[in-house]
Every structure is written in C-alpha cells, then in structure tokens.
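Take a look at the structure below.

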Amino acid sequence: MLKAVEAVIRKYGMLQKGDRVLVGLSGGADSVCLCHILWRLQEPLGISVRALHVNHGIRGEEAMRDENFCKAFCEKFDIPLEVYHCSVPTECEKTKEGTEECARRLRYAAFAQYAAEKEKIATAHTANDNAETVLLHMARGTGLKGLCGIPPIRGKIIRPLIEAGRAETEAYCEREQLSFVTDSTNLSKAYARNRVRMDALPALETVNPAALQAMTRMTALLTEEENLLCELTQKALRQAETAEGLSVEILKSYPKGLSLRVIQQKLKNTWAGEFTLAHAEAVFGLLQSGREVQIADAHIVSKQNGSLIFSQPPQSLSPWSVSLSLDTLQEETIETPAYRVRFQKIFRKDLQNFHKELFPNAVDCAKIGTNLELRSRQSGDRFSHPKRKVTKTLKKWLNEEKIPASERNACAVLSSGDDVLWTANFGTSAPFLPNEKTEQILFLSILNGGNTNE
C-alpha cells in the first residue's frame, strides 16, 4: 500500500521535495494509516510531517481517549502534534447547524489556523468516503460537479488515500501492528453518512463486488469532463458578459445546460456564498418571463434593457409618515426616502386644463377626511384596484403585479384613517376616484423618475 499511495501522490502532484505537511489525525484507522505512511515517506519524498488532532467536544471521555491516543501515537514515531479543542454542541446552539456540518466547518477552520503559509494539509479521505459523498449528493440532487465526489487536491488540501479503500487502510494498520480507535458516532444510523456506509454501499456491492473501484473510476472520469466544461463555461461567460451583467440574447442562444453553468458562475463571481443549480434555474427563468428574482434571500437579479443585472437587494426602509391637512393643502411637494410626491388641489373649473389620463392619480376631495397621512406601506393595508374593482391587501397586489422589490419597499401610501386613498404603484383606490359630480380633486404625481402608475 505504501507504493500505491506514493503513486497517487506523484500522479496528482500532491507533494514536492521540501514540502511540509500537516496531517489531520483523528485516531481512526484511516488517519493513522495516512500519518504512518507519510511518516515513512518523509525521506523518499524529501518532506516533513507533523499532525493536528481536533477534539470536537462531542463525546466526553471517549473524545479524551482519542486525544490521548493521538498523543501517544505521535510520541512513539516522533511526529510533532498540535491539539485543538472546540465545542461543536455549543457552536450548533449558536448557528443552528447540524452536528456533522458544524464539526466539519470547525475542523477545516482549525486546519487553516494551524497550517503554515506554504504547508500542505493532508486529510485521510478514502475511496469509501468518496463513494459515500457521491451517493449523498445523488440523494439530495446534484449536477455533474456533485458526481465528481471529493477532489484529490483542493487548494492546500491533499488526499493521498483517495484511491484506497477503507478495508485497505485497516489491513495496513493490522500488517504494521498499528492500533487505532473507533469513534462510537460512526456506528450510529442517526447520521446520513453512516446509513449510506452501512446500508447503501454494501447493497451496491451485492450488484457489483467491485462497486467501490467502479465509482472511483467514474468520479475520475467525470472530473476530467467537469474540468473541460469549466473551460467552456468561462469562455461562454466572457462572451455573454455586458457592462451591466449578462446578455439575455446571448444566454438564450446557448444550450440550457451551458446557460445554467454561466449563470451559476456569474452568481459565484458576484457574491460570496454557495449558489446551487436551483438558484441558477430561478435566474434562467427570467430569460422567458418576469422582471426580477431574489436569490438565497439576499441578492436580486433583474432583467433590464436586454441584460440580467446582478445587484444587492434594496435596504429595508424604516417606517415613515408625514401628516397633512386637506383644509390647508394647496400645492406642496413631500420628500420621501425614495422620491418626491407632489400634491395639487384643483377645482372643477380648472379640470379642463388637465389630461384625462392624469385622473388615475386624482382623489375626490369630497370622499375623504380632512386629516391625511403620506406614509410607508403597512401590514394589512387594503387597496381597491381602479381597473379591476377588486379589493385585496396591498401586499397581494404588489406580488401579483410582480413589482420589483426595490419599488415595493419604496411604495408610498396616502391614507385617511384606515382607508388607503392612493399608492405610488397603482394610483387612486377605486372608491375615491373623481366622477362627473366631483367639485374638487387632490392630484398626486411622483417626481424623480416620473409617475410610476401612468
């Protein structure tokens, strides 16, 4: 097995002469095997090895047993050891993460903290781990990248055992008379990965005894194909990019699969975080219809002037209001957080001076109270659409009309008591529109960009 691991290291160019390696040592068979092999390869490869043990604070006395085992193992082989303590249960309480997810994040944070600038980080992922990961990705839904499994190299992280099976690491430990510890949580079917390891993989091996090796070959082949597609995606992205974002016309000319990859890459280039195929699908939908979509509850992609625009969502506006008196109001302009609203009180004798299309923004003064309020929209606001003659909550109207989030947050409302008289997005509520008997109207218009409801 020593020669096989050395061949994998050379195959992927994992280590060069003079490299320093920090090995993740849990105390299990895989990590003990890896640490011992790299220790033996120090002279042949011209490398130096040290280890890091992470005590996750999950299993009490058993966790201390593992820590003490790692200390004794490293002392026996004269391998420098660092030990990092954390509390996964405490962190889970804060972040609401699952135990596995949180433990992994803290473990990799420890690797990053303890590894020197040019030091490689070696983890003991095996072909079994790779196969389990692929099956988990398949069960949850994945694209080609998810089927590539665990990469042999990711940045500073190397995985020399990625083509070795777990049975091989245990056989190596037995042959070299190396003891190891067993994590009791690995025996619990409460964890999804354990169920895959104990049930799914053995079931596949009843179909093909060499299923593990077959999946290893599959992930290697798919990784090559993924790398090729990544190159094509980058080329297509450069072609589709505009000064504003991505060209809708060019994206439509691509096969859907390529458009989805370009969109997903653009999302990753624009914002930090994980963007899935589902996010790309949501944005892809804009090519056919719609004005905007919100991604990952934090970002907005909108379609404007033939481009997909990638932007931050508008900041939530604090509630605001301005009190007005109809009795004293003649002509006035009110500044709101988003624009200015102009009020004009106009008598019947002057109506012929105004085009009839302005009436959707006119309120019959005889139908409203004296005390008015220009304010931000509130929960429960109800509005009667002037064209549809149907009353719904303002929130429903905004959703149905697919008003962009930036306009929803900025929507100004004129009210009198509990009645919504007018909104910036839809004009005057039907019951308060002028008619042939109207003597006096209150006309509203939006400045800084024109009237949004004309």
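A residue counts as buried when its relative accessible area is under 20%, as exposed when over 50%, and as partly exposed in between. This is a predicted model. Arg50 has 16% relative accessibility, so Arg50 counts as buried.

**Salt bridges**

Side chains of opposite charge can pair when their charged atoms come close. The structure holds 25 salt bridges. Three of them are listed here.

| Pair | N to O distance | Relative accessible area |
|---|---|---|
| Glu119 and Arg50 | 2.8 Å | Glu119 1%, Arg50 16% |
| Arg166 and Glu132 | 3.2 Å | Arg166 17%, Glu132 1% |
| Glu400 and Arg388 | 3.8 Å | Glu400 39%, Arg388 43% |

Glu119 and Arg50 link distant parts of the chain, 69 residues apart. Glu119 sits in the loop between helix H6 and strand E4, and Arg50 in strand E2. Both Glu119 and Arg50 are buried.

Arg166 in helix H9 pairs with Glu132 in helix H7, 34 residues apart. Arg166 and Glu132 also belong to a salt-bridge network with Asp30, Asp129 and Arg193.

Glu400 lies in helix H15, twelve residues from Arg388. Glu400 is partly exposed, and so is Arg388.

**Helix H11**

How do the axes of H10 and H11 cross? They come within 8 Å and cross at roughly 100°. That makes H10 roughly perpendicular to H11. Leu201, Leu204 and Glu205 in H10 meet Ala211, Leu212 and Met215 in H11.

Leu221 is also in H11 and is exposed, at 51%. With Leu228 and Leu232, Leu229 forms a nonpolar surface patch of about 240 Å² accessible area together.

Methods: Residues numbered from 1 in each chain as written. Predicted model: local features only at pLDDT ≥ 70, side-chain atom pairs only at ≥ 80, totals over all residues. Heavy atoms only, no water. Patch = residues over 30% accessible without salt bridge, like charges linked within 9 Å, V, L, I, M, F, W, Y side chains within 5 Å. Areas by Shrake-Rupley, 256 points an atom, 1.4 Å probe, with all protein chains shown as cover. Salt bridge = Lys/Arg side-chain N within 4 Å of Asp/Glu carboxyl O. Helix = DSSP H or I, 4+ residues; strand = E, 2+ residues; numbered from the N terminus. Buried < 20%, exposed > 50% of the residue type's maximum accessible area, 1.4 Å probe, protein only. Axes fitted to C-alpha atoms, helices over the stretch in contact; angles between N-to-C directions. Parallel < 35°, antiparallel > 145°, perpendicular 65-115°, else oblique. Contact = heavy atoms within 4.5 Å.
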